[in-house]
Amino acid sequence: MIGERSVTVFFDELMLGHNPEVDLPFIPSRVEKRVRAILQNLDFRWSYPEHPGRLAAIKQHLDEHPVAGVQFKSGASATYDQLGRVHTTTYLDHLFSLAGKRAWLDRDTTAVSPDSIEAATAAAGNAIAAVESVVNGDTQSAFALVRPPGHHAEPVRARGFCLLNNVAVAAAHARAKLGCERVLIVDWDAHHGNGTQDIFWADPDVLFFDTHCAAPFYPGTGHLEEVGAGLGEGYTINVPLPETAGDIAFEAAFRDILVPAADYFEPDLVLVSAGFDPHRNDMALNLTYNGFKVITSIVQSIADRHCNGRLALVLEGGYSLTSLAHGVRAVLEVLAGGDVPELMESGMREVTAAAEFHRAAFTDDET
Ligand SMILES: [Zn+2]
């Protein structure tokens, strides 16, 4: 029942300060064609797709339709040392030197506005706070509603709207300071989490599992054969999917690949890079809200089985404001103990009902 389990959402308005409406218009050539076409249909009035309205839409929806058992908190901003566990000092010094400025950071899709550094350190800090709250037992699960997102950010550079790798900073903090030995990171964003993969590529203590729309979809990495290297070989699991993949494929990927891998790995903390762009109304892939509920429940059962339910989610992408807000709420319902639906291929529920409706018309009812 919803409300049976405690959930804490971490959020801070500081993260709305990242608003790169750079003087240069958003440069279309920096975004691939399919993404450009989809963004045009999303009716956004911002010059930069990863805009403050994303978090505002989620917060407004949750305020208007609260989920029982969910409370809100804010965490402190991440410190230089906490960020330095996954990013180089050269990169961090460069990033911090941009405070108060507007600039494109890279040839990629990433830009900053005057308050972006404050927003980015708040995002990483709230991801840390989410992890601390579940490890300390203050809450059964936590969801850090943060932006800018993080999973494309590499040790040495910003990419794909991401400045700091929030989920990686949180995982590294759990290992360094909270006594966690093995961290499972599940990334269900539509895009491959290239930055997170890079950071933990040779690390056998972080198992990285990523479902995503296959290359050449951005960022073009995440091939099946990318499995980590050195001591970390086998601790990176990529499941590239065609853009038509939906609920049934996701459920199979989670049940048939993630669950046995997690049971073998035995994590003492589970993190999720939770993007909502695999929703059928967003960038790619075909998940429904029920699909999000089922994969949330699978991840939750892994956390229950191996680490006393210690589960923290960190927001990544999601650009359709409706499916972003409703998707987050659907996930929170399951985290709070709500029912998990049975998945069916799209249309099957209707076909079953129609078959029942029409059946009598074509049978003899002489008896
Ligand atoms: Zn994404």
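**Basis.** I number residues from 1 along each chain as its sequence is written. In this predicted model, local features need pLDDT of at least 70, side-chain atom pairs count only at pLDDT 80 or more, and totals for chains, interfaces and linings use all residues, while side-chain values use heavy atoms, with hydrogens and water left out.

I looked up the donors (N, O and S atoms within 2.8 Å of the metal, or 3.2 Å for Na, K and Ca; water is not among the atoms, so sites may look incomplete). Asp189 (OD), His191 (ND1) and Asp277 (OD) coordinate the zinc ion at 1.9 to 2.1 Å. Aspartate 189 sits in the loop between β6 (183-187) and α7 (194-199), and aspartate 277 in the loop between β9 (269-274) and α9 (289-307), so the pair ties together parts 88 residues apart in sequence. Helices (H or I, at least four residues) and strands (E, at least two) are DSSP runs, numbered from the N terminus.

I then checked burial (buried is under 20% relative accessible area, exposed over 50%, partly exposed in between; 1.4 Å probe, protein chains only). Aspartate 189 is buried at 1%, and aspartate 277 is buried at 0%.

**Helix α10.** I found that twelve of the 15 residues of α10 are buried, so the helix is largely enclosed by the rest of the structure. Among them are Arg329 and Glu333. The elements covering the buried residues include β1 (7-10), α2 (53-64) and β10 (311-315). After α10 comes glycine 337, with a positive phi near 105°.

Terms used. Contact means heavy atoms within 4.5 Å.
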